[in-house]
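Hi everyone, thanks for making time.

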Protein chains: 2
Amino acid sequence: MLTPRQQLILSAIIEDYVRMAEPIGSRALAKHEEIQYSPATIRNEMADLEEMGYLTQPHTSAGRVPSQKGYRFYVDNLLRLGQMDRETGEFLKSVFTKRIDEVEQVAREVANVLSMLTKQTVIVLGPKTDTEKLRKIELIPLGGGRAIAILVTNSGHVETVHVRFSSEMEADDVETLVRVLNDKVVGVPISELRRTLYAELASELRRTVERFEDAIAVLNEVCQVPEREETVFIGGASNMLAQPEFHDVGKAQPILSLLEQNESISNWFPKAEDGIEVRIGAENAVVELKDCTVIATTYRLGGVPVGHIGVLGPTRMDYNRVMQILSFTSQALTEFLTRFASSG
Amino acid sequence: MLTPRQQLILSAIIEDYVRMAEPIGSRALAKHEEIQYSPATIRNEMADLEEMGYLTQPHTSAGRVPSQKGYRFYVDNLLRLGQMDRETGEFLKSVFTKRIDEVEQVAREVANVLSMLTKQTVIVLGPKTDTEKLRKIELIPLGGGRAIAILVTNSGHVETVHVRFSSEMEADDVETLVRVLNDKVVGVPISELRRTLYAELASELRRTVERFEDAIAVLNEVCQVPEREETVFIGGASNMLAQPEFHDVGKAQPILSLLEQNESISNWFPKAEDGIEVRIGAENAVVELKDCTVIATTYRLGGVPVGHIGVLGPTRMDYNRVMQILSFTSQALTEFLTRFASSG
DNA sequence: TGTTAGCACTCCAGGCGCTCGAGTGCTAAA
DNA sequence: TTTAGCACTCGAGCGCCTGGAGTGCTAACA
């Protein structure tokens, strides 16, 4: 384990390095008020810390730089999450007091605001709506064997699905179908839709609807909704280029490219089950992020995780500030959704 | 005006420069088969072309580089749009033969595919749906003075608006409102909605609905739909970083940043009224694009422009290929939408 | 035993000078 | 009008040097 003095030095090196983006030398550290030792002493400790793998040296006569292991130790043991600065807090609060009707709008807004506050790239996933309950189903025939199913949830979110069936159904049948659907299906979570429909509706429909197969086919397509991919909002991707570690375009390009593949984001995104998850460097699930850190958290609706917020940047990141902001935001977003769902 | 030989040389310089991304010298040009002159002759012509402003020289002993004026002349007078290469054509066609239900999906797909084909950044605007006709309106009350209006258009596109009114309307009134709406409003283009409603509905509603003010308020909010901002899809923004002119991060960052401001894109985007519009360098409406070229075209539905496709890259761009691809795509997309609207 | 001053050593960034080669403009000949 | 020849220019690239920041080690000190 590290001695308190080593911890103090490691901590100071990381915080300085995060600000300066340049290797930190013993002289510079000795100028800190809370470090009362001479450069020579600090050099000894730094040599030990390097031997243990918490620091590295770009070359012999340079200062020290935190290693991945160093950051990890810092995040796990040294970081004390304090209060966010007042200004940031006020600013964040104001985002959630605007009148907003659509949940997607809030997700987009959060991505933008956080990217401004952190000067990093922000990824917002979701919210998934498949745990919400159905309020109403509407089926609008378009002719030519097509129709649009409209599903309105609990919280006022609207999903639409285009459905096809092999032949024209009778207008009567469609009407019956919609009525039966609404009878049976209101209050069922979207993710349970398929199961409920097959369990409760099949027999009923067989009695009342003439073209039974068609009706089933329609149901089948309606049930595609829960299988939708998650929506992704990305804010401030261009902030990345301002970071000195990405001044070399070759470093930045693969990462921006990764972010453009919207569908695969949820494959590598850390889905922090509770609290905040920090993935440093090679801890990330894809090689493109081996020099990046992703800090992520979850927001909920009625206790159920419905989406995620993440901040992506170089490993040299202001962990403290970003974690404060994320923690606040996930909570505020959770509250917002709850308020939204109950009032809407 | 330029002599034929000058045109030949300018043309060759541009095409070589587009490929090599390096200043073109007289020796290299003399190696072209179609140029039968000695380097010395070419040098003389190049000096003239430079004097006239079609070429520039990075420094005294370097080759020549096309100026903005040079590109402009090339695009206006020298470019003969030939046939697209077979491979690209087949590939593009395949995009439009997939079964696709949602128009947005096709826009996103187009952005991605074109960015792969051109290795540039692609911007797809729209499609705007406000010239489409209404097929059906549905009003779903959420309680607490809120409701969701669902508007289904002609082509199967679904728009939803959240509306609020000051007090609870009677269930009867809502029903009446919906019935009256559907009677009067079907077949009206979304953009005409407000006018039609005020003209035809006010008196009718005054007779049939008890809380007249509330009904009007609802109508008012429903009419927000046409004022929605255009949807924007961007593909391959990271391609930009692969271009040598953006190897300096400082050049790329403001442009990527510009692309992130979705709302303002339509302010500077060239809305080619017909055919293809090419904006070279400073011709663009924003300074950030002073070293970029935007090539844009329009796609239509039923003769009416509903959206735009643009390719954004450095002024050193393969104008020929990009214009071929854009021209083909806009046509294919127009056909696709027409097919979609009539069948859907 | 832990801390610190002193010192020799290392190594990079950056400035300087040099050369090489690609490319030019000009002149004179074909 | 075209072209060969030639002197000239200029930047890229390489090697060299120097200054300074930072280190590790040793010896003295508390």
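To be called buried it would need 20 or more, and to be called exposed, 12 or fewer. Before I go on, please keep in mind that this is a predicted model.

You'll find Lys119(A) in the loop between helix 6, residues 103–118, and strand 3 of chain A.

There's another one like that over in chain B. Ala21(B) is a residue other than glycine, and its phi is positive too, near 60°. Ala21(B) sits in the loop between helix 1 (4–20) and helix 2 (26–30) of chain B. Is Ala21(B) buried or exposed, or something in between? With 13 other C-beta atoms within 10 Å, Ala21(B) comes out as partly exposed.

In chain A, the peptide bond from Gly126(A) to Pro127(A) is cis, with omega near 5°. Pro127(A) belongs to the loop between strand 3 (121–125) and strand 4 (134–143) of chain A. In chain B, Gly126(B) and Pro127(B) are joined by a cis peptide bond, and omega there is about 5°. Pro127(B), for its part, is in the loop between strand 3 (121–125) and strand 4 of chain B.

Now, how do the two chains relate? In general, two copies of a chain are related by a rotation about an axis and a shift along it.

How many residues of chain B are in contact with chain A? There are 28 from chain B, touching 28 residues of chain A. On the chain B side, strand 4 (134–143), strand 5, strand 6 and helix 10 (249–260) each supply at least two residues. Helix 10 of chain B gives the largest share, six residues. Sorted by class, that side of chain B has twelve nonpolar, ten polar and six charged residues.

Let's zoom in on two of those strands. Strand 5 of chain B, residues 146–153, runs antiparallel to strand 6 of chain B, and seven bridges join them. They form a hairpin with four residues between the strands, and Gly156(B) in the turn has a positive phi of about 90°. If you need a landmark, Arg146(B) stands opposite Arg164(B) in strand 6 of chain B. Strand 6 itself, residues 158–164 of chain B, has five of its seven residues buried, so it's largely enclosed by the rest of the structure.

Chain B also has an open sheet of five strands, in the order 7-3-10-9-8, with antiparallel pairing. Its edge strands are strand 7 (232–235) and strand 8 (276–280) of chain B, each pairing on one side only. From one strand to the next, the twist averages 15°. Within chain B, strand 9 (292–301) and strand 10 (304–314) run antiparallel and are joined by ten bridges. Cys292(B) stands opposite Pro314(B) in strand 10 of chain B.

Last stop, the DNA. DNA strand D is surrounded by 20 residues, and the closest are Gly25(A), Ser26(A), Thr41(B), Thr60(B) and Ser61(B). Helix 2 (26–30) and helix 3 (39–52) of chain A, together with helix 3 (39–52) of chain B, each give two or more residues to that surface. The largest share, four residues, is from helix 3 of chain A.

And DNA strand C? It has 20 residues around it, and the closest are Thr41(A), Thr60(A), Ser61(A), Gly25(B) and Ser26(B). Near DNA strand C, the largest share, four residues, comes from helix 3 of chain B. The surface there divides into seven nonpolar, ten polar and three charged residues.

Notes: Residues numbered from 1 in each chain as written. Chains lettered and ligands numbered in written order. Predicted model: local features only at pLDDT ≥ 70, side-chain atom pairs only at ≥ 80, totals over all residues. Near = placed C-beta within 6 Å. Pairing = 2+ DSSP bridges. Axes fitted to C-alpha atoms, helices over the stretch in contact; angles between N-to-C directions. Contact = placed C-beta atoms within 7 Å. Nonpolar A, V, L, I, M, F, W, Y, C, P; charged D, E, K, R; others polar.
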